[in-house]
Amino acid sequence: NQRANRRRIHAAEEALDRYARIKGSMQDCREDQLIDLMTDIRHLAEKEGIDFGDLIRISDIHYSEEKA
């Protein structure tokens, strides 16, 4: 599980780095980068007709299962 979670973290870091480069926010702190990405994902979810709250709830379940 730890190995899988390290891979997940690495993939998320790579995705966030790419996002920050595209947005021009590499100088921002990680927290600000994450907030900006989550906000833009929320806009995308709305555009796609997907309930962002549902995504967060399901993500919480997945996270708890992966953390166990």
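**Asp40.** I started with Asp40 and found that it counts as partly exposed, at 25% relative accessibility. The model is a predicted one, where local features need pLDDT of at least 70, side-chain atom pairs count only at pLDDT 80 or more, and totals for chains, interfaces and linings use all residues. I also noted that residues are numbered from 1 along each chain as its sequence is written, and that side-chain values use heavy atoms, with hydrogens and water left out.

Asp40 sits in helix α2. Helices here are DSSP runs of H or I with at least four residues, strands are E runs with at least two, and both are numbered from the N terminus. Setting aside neighbours within four places in sequence, I found Asp40 in contact with Tyr19 and Lys23; contact means heavy atoms within 4.5 Å. With Tyr19, the Asp40 side chain makes a side-chain polar contact of 2.4 Å. A polar contact is a pair of N or O atoms within 3.5 Å; within protein, one must be able to donate a hydrogen and the other to accept it, and residues adjacent in sequence count only if both atoms are side-chain atoms. I also looked from Asp40 to Phe52: they are 12 residues apart along the chain, and their C-alpha atoms are separated by 11 Å.

**The whole chain.** Next I stepped back. The protein chain has three helices and zero strands, and reads α-α-α along the sequence. Its C-alpha trace spans about 35 × 30 × 15 Å along the principal axes. How much of the chain is buried? Of its 68 residues, 13% are. The accessible surface comes to about 5,700 Å², with 55% of that belonging to carbon and sulfur atoms; such areas come from the Shrake-Rupley method with a 1.4 Å probe, and for residues only the protein chains shown count as cover.

I looked up the charges too: the mean positions of the 12 positive and 15 negative ones are 7 Å apart. Lys and Arg count as positive, Asp and Glu as negative, while His and the chain ends are not counted. Each charge is placed at NZ of Lys, CZ of Arg, CG of Asp or CD of Glu.

Is Gln33 buried or exposed? Gln33 is buried, because its relative accessible area is 3%. Its side chain reaches the backbone oxygen of Ser25 at 3.0 Å. Beyond its sequence neighbours within four places, Gln33 is in contact with Leu16, Tyr19, Ala20, Ser25, Met26 and Asp28.

**Gln27.** The loop between α1 (2-23) and α2 also holds Gln27. Gln27 counts as exposed because its relative accessibility is 64%. Its side chain makes a polar contact of 3.4 Å with the side chain of Asp28.

**Ala45.** Ala45 is another residue I found in helix α2. It is buried, at 4% relative accessible area. Outside four places in sequence, Ala45 is in contact with Ile50, Phe52 and Leu55. Ser64 is 19 residues from Ala45 in sequence, and I read 23 Å between their C-alpha atoms.

**Helix lengths.** Last, I checked two helices against their expected span, which is 1.5 Å times one less than the number of residues. For α2, 19 residues should span 27 Å, and the end C-alpha atoms are 27 Å apart, so the two agree. After α2 comes Gly49, with a positive phi near 75 degrees. For α3 (residues 52-67), 16 residues should span 22 Å, and the end C-alpha atoms are 22 Å apart, which agrees. At the start of α3, I saw a side-chain oxygen of Asp51 reaching to within 2.8 Å of the backbone nitrogen of Gly53.

Note on methods: Buried < 20%, exposed > 50% of the residue type's maximum accessible area, 1.4 Å probe, protein only.
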